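Hello,

Please find the structure below. My notes on it follow.

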Amino acid sequence: MSAAPLKESIHAISLERLRTRLKEAGHPGYRAEQVLEWVYQKRVAGFDQMTNLPAALRATLAQEFAFHALDPVRVLGAEDTTRKYLFRLADGALIESVLIPASPALYGEASDRRTLCVSTQVGCAYGCKFCASGLDGWSRNLGAGEIVGQILRVEALSGERISNLVFMGMGEPLANFANLTAALEILNSPWGVGIGARRITISTSGLAPQIRMLADNPMQVRLAISLHGATNEVRQQIMPVNRKYPLETLLEACAYHAERKKQRITFEYILIENVNDREEDAVALVKVASKIKAKVNCIPYNSVEGLEWNRPDEARQDDFMAVLERGGVSATIRREKGHDIAAACGQLRRQTLPSNAVADLGFAEAQGMGSAKDAGS
Ligand code: SAH
Ligand code: SF4
């Protein structure tokens, strides 16, 4: 692997900071708006294309900043379906982003909703027992430019505008807090990518202190919690993070967030056979969700190669949902393929890592729409 690039990514800087930097270098502050207009409105790929800027300014920019385009290694999926993008970063690390088209069942045929599921780290340190992203451990945080870069690159490759973002790719977003919030500012601002805060969802495995920090941040982004267990006993069995932040601590932080933001939180709950899908689990979930008026999003477990867990059959899923409904919880279940793929971010990268060469051979068959495992069918 080559050394990390020394120049700062142009996709990692806010308007305000760029203004300061340009002024320090002897350029008028208003040039910052022009530069970012080239970057985010016109989407140029180099400073030499910023034709209305003086040559001296372009030289300063090229000296201090770089365009680090993400290199697409593989794309899985077709035009009208979920598409998975595997990107190589400047240091050779691999990450994935997943583009999910609107579901006609949920949003109507004419919806132009396009959701991108983005990664925030290379690997993940939290080691949830059901998740592909954590299987090889954590390598590093993504920089803000690498987070923003996923949106720009997918828009350029697909020719489509992304309307919604979910931070549900590889990694734990709240463990990369500074870069996450820097990226959010760029993604949300009118001088940047301009995606509305309410169309952005951050998912966390439950880092209580950072949930409170996010609550104190004025941006109105939405919060989802990967709950997956409604008692400490069950949650601990599959999510080691629960030892550090047990359910009570997590729920207090969630309540604080809901109160500060005047927003309802979503609990994500993967249904894993005989682990968290019993009637008593549903009853416990009703209790926890009611306490903070959270919505619940159930996701049938998507198999991961090398892991022994199974997804419950549909009858068992329905029984679980019925308990939630009777308990008055607002709950949905994701059954579309695309969402399964999104929910299982980290799998494509694993298939492609050199240490996984055997699994990698499966890629040819997976070209159409992912392998049986990939598609969670
Ligand atoms: N680290 C953050 C962000 C990743 S989100 C978090 O855990 O919330 C990825 C989502 O997909 C999480 O809700 C995660 O629990 C879920 N997931 C992971 N492995 C999965 C699998 N095999 N099947 C279904 N969902 C899975
Ligand atoms: Fe990390 Fe989230 Fe996967 Fe847990 S579910 S290992 S926190 S990416």
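Are Glu259 and Lys262 buried or exposed? Glu259 is exposed, and Lys262 is exposed as well. Here buried stands for under 20% relative accessible area, exposed for over 50%, and partly exposed for what lies in between (1.4 Å probe, protein chains only).

Before the rest, some notes on the basis. This is a predicted model, in which local features need pLDDT of at least 70 and side-chain atom pairs count only at pLDDT 80 or more, while totals for chains, interfaces and linings use all residues. Residues are numbered from 1 along each chain as its sequence is written, chains are lettered from A and ligands numbered from 1 in the order in which they are written, and side-chain values use heavy atoms, with hydrogens and water left out.

Salt bridges

A salt bridge is a side-chain nitrogen of Lys or Arg within 4 Å of a carboxyl oxygen of Asp or Glu. By this rule the structure has 18 salt bridges. Glu259 and Lys262 make one of them, with their closest N and O atoms 2.9 Å apart.

Another joins the side chains of Arg19 and Glu33, at 3.0 Å from N to O. Arg19 belongs to helix α1 (residues 15-24) and Glu33 to helix α2 (residues 31-41), so this pair ties together parts that are 14 residues apart in sequence. Helices (H or I, at least four residues) and strands (E, at least two) are DSSP runs, numbered from the N terminus. Arg19 is partly exposed, at 25% relative accessibility, and Glu33 is also partly exposed, at 36%.

Asp91 forms a salt bridge with Arg140, and their closest N and O atoms are 2.8 Å apart. Asp91 sits in the loop between β4 (83-88) and β5 (94-101), and Arg140 in strand β8 (residues 138-141), so the pair ties together parts that are 49 residues apart in sequence. Asp91 counts as buried because its relative accessibility is 14%.

There is also a network of salt bridges that links Glu8, Arg17, Arg21 and Glu64.

Surface patch

Glu273, Glu279, Asp313, Glu314 and Asp319 form a negative surface patch. Patches are made of residues with over 30% relative accessible area and no salt bridge, and like charges are joined within 9 Å, nonpolar side chains (Val, Leu, Ile, Met, Phe, Trp, Tyr) within 5 Å. Asp319 lies in helix α12 (residues 314-326) and is exposed, with a relative accessible area of 52%.

Cysteines

The structure holds zero disulfides (pairs of cysteine sulfur atoms within 2.5 Å). Cys128 is buried at 14% relative accessibility, and Cys298 is buried at 0%.

Regards

Notes:
Areas by Shrake-Rupley, 256 points an atom, 1.4 Å probe, with all protein chains shown as cover. Lys, Arg positive; Asp, Glu negative; His and termini not counted. Charge placed at Lys NZ, Arg CZ, Asp CG, Glu CD.
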